[in-house]
Amino acid sequence: MTVPSYDSRLAELGITLTDAPAPAANYVPFVQVGDLVYVSGQISVGPDGLVIGKLGADMEVDAGAAAARLCAINLITQLRNACDGDLSRLKRVVKLNGFVNCTQDFTDQPKVINGASNLFVEVFGEAGRHARAAVGAPSLPLGVAVEVEGIFQIA
């Protein structure tokens, strides 16, 4: 059985993982318990800075999904750190919890969080399929559009 080259797959998708940001408060970026890694919530920040907005007010679903994709990239960066730089240690993405900064009447949270879910499947294939929650929130830290946390099983 060949070990998947997740780094190659990221490169094919045009994704370059940068250094993981330091925690912004009194928490750690990830905790490992046995073969599970719990990664703290990652906000929608990319090379151009924070993606700020409220779905249903000043942001469309496609832009929200793009923000969720940034959260997924940040989760993979933290996961890589938890795996001592070796993403081939990933066995499976277990669960994502996605939070969407949205108006009270916005109901497309699942479509927004698909931006993260789809990336995990694009990068990790079957190992990227996961359980998930997609929840609306009246606000998120720093006014970001999306925050996603994850649980991963590693070798």
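**Exercise 1. Find the element that holds Val-39, and decide whether Val-39 is buried or exposed.**

Step 1. Val-39 belongs to strand E2; strands (E, at least two residues) and helices (H or I, at least four) are DSSP runs numbered from the N terminus.

Step 2. The model is predicted: local features need pLDDT of at least 70, side-chain atom pairs count only at pLDDT 80 or more, and totals for chains, interfaces and linings use all residues. Residues are numbered from 1 along each chain as its sequence is written, and side-chain values use heavy atoms, with hydrogens and water left out.

Step 3. Val-39 has a relative accessible area of 4%, so it is buried. The cut-offs are under 20% for buried, over 50% for exposed, and partly exposed in between (1.4 Å probe, protein chains only).

**Exercise 2. List what Val-39 is in contact with, leaving aside neighbours within four places in sequence.**

Step 1. Contact means heavy atoms within 4.5 Å.

Step 2. The partners of Val-39 are Pro-29, Phe-30, Leu-75, Gln-78, Glu-149, Gly-150 and Phe-152.

Step 3. For Phe-106, 67 residues from Val-39 along the chain, the C-alpha separation from Val-39 is 27 Å.

**Exercise 3. Describe the largest nonpolar core.**

Step 1. A nonpolar core is a set of buried Ala, Val, Leu, Ile, Met, Phe, Trp, Tyr and Cys residues joined through side-chain atoms within 4.5 Å.

Step 2. This core has 38 residues, and Ile-76, Phe-120, Phe-124 and Val-146 touch the most other members.

Step 3. Two or more residues each come from H1, strand E2 (36-43), helix H2 (61-82), strand E5 (90-101), helix H3 (109-124) and strand E7 (146-154). H2 gives the largest share, nine residues.

Step 4. Beyond its neighbours within four places in sequence, Ile-76 has contacts that include Leu-10, Leu-87 and Phe-120.

**Exercise 4. State the order of elements in the protein chain, and explain why the chain counts as compact.**

Step 1. Three helices and seven strands are present, in the order α-β-β-β-β-α-β-α-β-β from the N terminus.

Step 2. The radius of gyration is 15 Å, close to the 15 Å that the globule rule gives for 155 residues, so the chain is as compact as a globular protein of that length. This radius is taken over C-alpha atoms, and the rule is 2.2 Å times the number of residues to the power 0.38.

Step 3. Of the 155 residues, 40% are buried.

**Exercise 5. Place Val-28 in the chain and classify its accessibility.**

Step 1. Val-28 sits in the loop between helix H1 (6-12) and strand E1 (30-33).

Step 2. Its relative accessibility is 44%, so Val-28 is partly exposed.
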